[in-house]
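Please examine the model displayed here with its sequence.

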Amino acid sequence: MLVWLVAGSIPAAIVGGALVLPAVLLKRLLAWVLLFSAWRLTLFQPVPSVELRVPSVFGLCGTGAALGWLAGLTGTGGGMFLTPWMILRRWLQPKDAAGVSAAFILVNSLAGLSGLMLREGPSALPGWSELWPMALAVMAGGWFGAWCGSSRFEPLWIRRILAGVLLLASGKLLGIVA
C-alpha cells in the first residue's frame, strides 16, 4: 500500500513544495481541511463486522498524488490528511493507518523539502544547530505516539485523540485557539 501511495506522492509533493500560496489563504485552506477531517472522524462509527476495503492501485496512486501535492503546498508531511482518509475509507484500522502514515510523512517531508530547495535554494533549510532539537523532539514524540497507539489506547480512542489534535490545529490556524 505504501509503495503506491508514495509513487503518486513524491512528484506531487515536490511540485507542491515549489509552489507559493499567500499565507492567509494557505492557513485557511489547511484549517478547513483539518476541521473537516476531525468532523468526519468524530462521526465515523465503524461496524465491527464490516471488512476492510482493498483500494485499487489507481486509487492509491491518486490518493498519494493529491495528498502529496497538498502536503508539499502546506509544508506538512501529509499524515494528518492520510490517516483520517485511510480510516474513513476503511482501508486500514487506526493503528495500521498510523504506521503507514509515519512512513508517508517521512517520504513526503523529504520530497516537499526538495521542492522548497528547488524554489529557494539550500539556504531555505535550517542549519544543524536548529535542526537537531527538532529532530530529537520528532523522535521522542514518534516513539511516545507509537507506544500509546500500539499498547495503550483502543482504536476508538485513537480516532478521538486524532480528531482532538486536528481540531486544535485547525483552531490555531483560524486564530480561535492561542
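The paragraphs below treat the pocket, a surface patch, a salt bridge and two further residues.

This is a predicted model, in which local features need pLDDT of at least 70 and side-chain atom pairs count only at pLDDT 80 or more, while totals for chains, interfaces and linings use all residues. Residues are numbered from 1 along each chain as its sequence is written, and side-chain values use heavy atoms, with hydrogens and water left out.

The largest pocket has a volume of about 1,300 Å³. A pocket is, on a 1 Å grid over the protein atoms alone, an open set of points where a 1.4 Å probe fits, with protein on both sides within 12 Å along at least five of seven lines; lining residues have an atom within 4 Å of a point. The volume is the space filled by probe spheres set on the points, which are joined across faces, edges and corners. The lining of the largest pocket comprises 36 residues, and A102, I105, V138, G141 and G142 lie nearest the centre. Helices α4 (79-88), α5 (94-120), α6 (128-152) and α7 (155-173) each supply at least two residues of this lining, and α6 gives the most, with twelve. Helices here are DSSP runs (H or I, at least four residues), numbered from the N terminus. By residue class, the lining holds 23 nonpolar, twelve polar and one charged; Ala, Val, Leu, Ile, Met, Phe, Trp, Tyr, Cys and Pro count as nonpolar, Asp, Glu, Lys and Arg as charged, and the others, Gly among them, as polar.

On the surface, W128, L131, W132, M134, L136 and M139 form a nonpolar patch with about 690 Å² of accessible area together. Such a patch joins nonpolar side chains (Val, Leu, Ile, Met, Phe, Trp, Tyr) within 5 Å, from residues with over 30% relative accessible area and no salt bridge. The areas come from the Shrake-Rupley method with a 1.4 Å probe, and for residues only the protein chains shown count as cover. W132 is found in helix α6.

The whole structure contains one salt bridge, defined as a side-chain nitrogen of Lys or Arg within 4 Å of a carboxyl oxygen of Asp or Glu. The side chains of R119 and E120 form this contact at 2.7 Å, N to O.

In helix α7 lies S170, buried at 1% relative accessibility, where buried means under 20%, exposed over 50% and partly exposed in between (1.4 Å probe, protein chains only). The C-alpha atoms of S170 and L30 are 7.4 Å apart, although 140 residues separate them along the chain. E130, in helix α6, is partly exposed at 48%.

How values were computed:
Patch = residues over 30% accessible without salt bridge, like charges linked within 9 Å, V, L, I, M, F, W, Y side chains within 5 Å.
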